[in-house]
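Visitor: Please show me the structure. I would like to go through it residue by residue, with the cut-offs stated.

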Amino acid sequence: MSNILKSLLVGTALTAVTAAHATELEVTHWWTSGGEAVAVTKFAEAWNATGNTWVDGAIAGSGGTARPIIISRILGGDPMAATQLNHGRQAEELIEAGLLLDLTDVAEAGGWADLVNPSALLDACTLDGKIYCVPVNIHSAQWIWLSHDAYEKAGLEVPANWNEFVASAPALQDAGTLPLAMGQQGWQQNIAFGAITLAVAGLDAWKEVNINKNADVARGAEYTAAFEAVAAARSLASESNVQDWNQATNMVITGAAGGQIMGDWAQGEFAVAGAVEGEDYSCLPGLGLNPILDTGGDAFYFPVIDDADITAAQKELAALLISPQVQVDFNLAKGSLPVRGDVDLSAANGCMQKGLQILADGGVLPSSDLSFSQDTTLQIEDLMAQFWSGDMSAADAQESYAQLIEDAD
Ligand code: GAL
């Protein structure tokens with residue numbers, strides 16, 4: 001038999017074996033911006049390469065739109081095979097209702113306890129000692145992204161921190177540039193609030209409020225300064241009328257705005273636009289004042305489906321998402337950091353390197369997804385939407401916020 005024929009036969013046999021186990025899994029997520037779509041394709045390609053099929057269930061809009069759809073499908077008996085959520089408390093009720101697959105055996109076989117860094121990410125997937133999700137990235141929210149074009153046009157150096165950014169705003173305005181791009185959605189305004197608070201009120205006050213839910217500190221002087229800073233930022237964004245976060249990022253990419261406070265997923269948009277860090281844009285973690293990042297991010301959960309083939313495929317996908325090469329490919333496209341420290345990130349750009357250094361130095365905080373229930377988070381986001389888009393005073397916003405912290409669960 002010729003070698004070509006032999007290899008064709010071997011190839012056919014392999015295809016037949018794989019096909020016998022090939023499983024279609026519908027995977028839902030809210031990664032629909034240009035950069036996010038590139039990143040999720042890395043997962044889909046890796047899964048399809050195993051002979052299985054990724055049925056993409058992208059839900060347009062932000063997490064705020066997607067989460068209720070995802071949760072009601074699972075509760076309503078129409079589960080997808082896998083879904084993105086933020087790791088933390090978002091899936092708490094689904095786990096308690098027994099609707100999510102226990103991945104403890106996959107986690108043990110893969111040694112997740114030894115490789116997931118920081119370990120808080122795996123803790124966030126764990127309830128009563130069992131593991132219900134696979135963390136796929138570390139995203140942090142405390143960044144400002146700055147347009148070199150905008151500063152060049154105004155004849156200014158690119159700011160090195162939040163205070164310089166605020167001081168540069170009048171010159172940007174004189175040059176016809178909007179200082180701060182802001183999507184008109186509560187979750188984005190809440191991200192800006194959180195980042196400014198951490199930079200202005202400082203770490204201790206931030207921790208008291210966000211971790212210990214201390215309403216006295218939320219009513220105190222450090223938070224008064226933070227709310228005043230946020231009110232000032234509001235006026236720098238008053239002409240920003242875009243909705244989606246990536247539209248606001250696009251204003252920075254095109255130089256229509258000086259900066260945007262947004263999570264590190266913004267990097268995916270700069271990458272798709274071919275923008276180069278350090279030449280076309282800069283990023284300041286902790287707004288350049290406080291080099292501290294939270295460790296939020298995304299995890300995949302697998303609803304219980306009464307079909308042994310699907311269960312086996314779900315577990316195979318869970319193991320794949322955290323495997324070394326998939327972690328590198330996905331996170332480089334997404335702008336997030338991998339959840340395992342044993343992978344080669346030499347291709348990471350300057351912003352990711354800054355994030356990795358902060359992670360290595362231990363400058364990390366739990367994300368609010370870990371400490372606040374979804375109810376509390378949504379109430380805070382509603383307050384931020386009201387504050388940023390209206391004329392509520394800093395003092396009134398602070399009091400309403402302190403009340404939410406007092407009632408937080
Ligand atoms: C976050 C998510 C990120 C990001 C962002 C904007 O909730 O963790 O992966 O893509 O939403 O869609």
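Visitor: Is Ser-400 buried, partly exposed or exposed?
Guide: This is a predicted model, in which local features need pLDDT of at least 70, side-chain atom pairs count only at pLDDT 80 or more, and totals for chains, interfaces and linings use all residues. Residues are numbered from 1 along each chain as its sequence is written, and side-chain values use heavy atoms, with hydrogens and water left out. Buried means under 20% relative accessible area, exposed over 50% and partly exposed in between, with a 1.4 Å probe and protein chains only. Because its relative accessibility is 31%, Ser-400 counts as partly exposed.

Visitor: Which helix holds Ser-400, and what separates its C-alpha from that of Leu-383?
Guide: Helices are DSSP runs of H or I with at least four residues, strands are runs of E with at least two, and both are numbered from the N terminus. Ser-400 lies in helix H21, residues 394–407. Leu-383 is 17 residues from Ser-400 along the chain, and their C-alpha atoms are separated by 7.7 Å.

Visitor: How far is a polar side-chain atom of Lys-334 from an oxygen atom of the ligand?
Guide: A polar contact is a pair of N or O atoms within 3.5 Å; within protein, one must be able to donate a hydrogen and the other to accept it, and residues adjacent in sequence count only if both atoms are side-chain atoms. An N or O atom in the side chain of His-139 is 3.4 Å from a ligand oxygen, and a polar side-chain atom of Trp-245 is 3.5 Å from a ligand oxygen. For Lys-334, the distance to an oxygen atom of the ligand is 2.8 Å.

Visitor: What does Gln-260 reach with its side chain?
Guide: Gln-260 is in strand S9, residues 257–261. Gln-260 is buried, because its relative accessible area is 1%. At 3.2 Å, its side chain reaches the backbone oxygen of Trp-245.

Visitor: How far apart in space are Ala-257 and Ser-147?
Guide: Ala-257 is also found in strand S9, and it is buried because its relative accessible area is 0%. Ala-257 and Ser-147 are 110 residues apart in sequence, and their C-alpha to C-alpha distance is 7.1 Å.

Visitor: What is the phi of Leu-287?
Guide: Leu-287 lies in the loop between strand S10 (281–285) and strand S11 (293–294). With a relative accessible area of 0%, Leu-287 is buried. Phi is positive here in a residue other than glycine, near 55°.

Visitor: Where is Lys-213, and is it buried or partly exposed?
Guide: Lys-213 has a positive phi of about 55° although it is not a glycine. Its place is the loop between helix H11 (203–210) and helix H12 (215–219). Its relative accessible area is 25%, so Lys-213 is partly exposed.

Visitor: Is the peptide bond from Asn-117 to Pro-118 cis or trans?
Guide: Pro-118 is in the loop between helix H6 (112–115) and helix H7 (120–123). Omega of the bond from Asn-117 to Pro-118 is near 0°, and the bond is cis.
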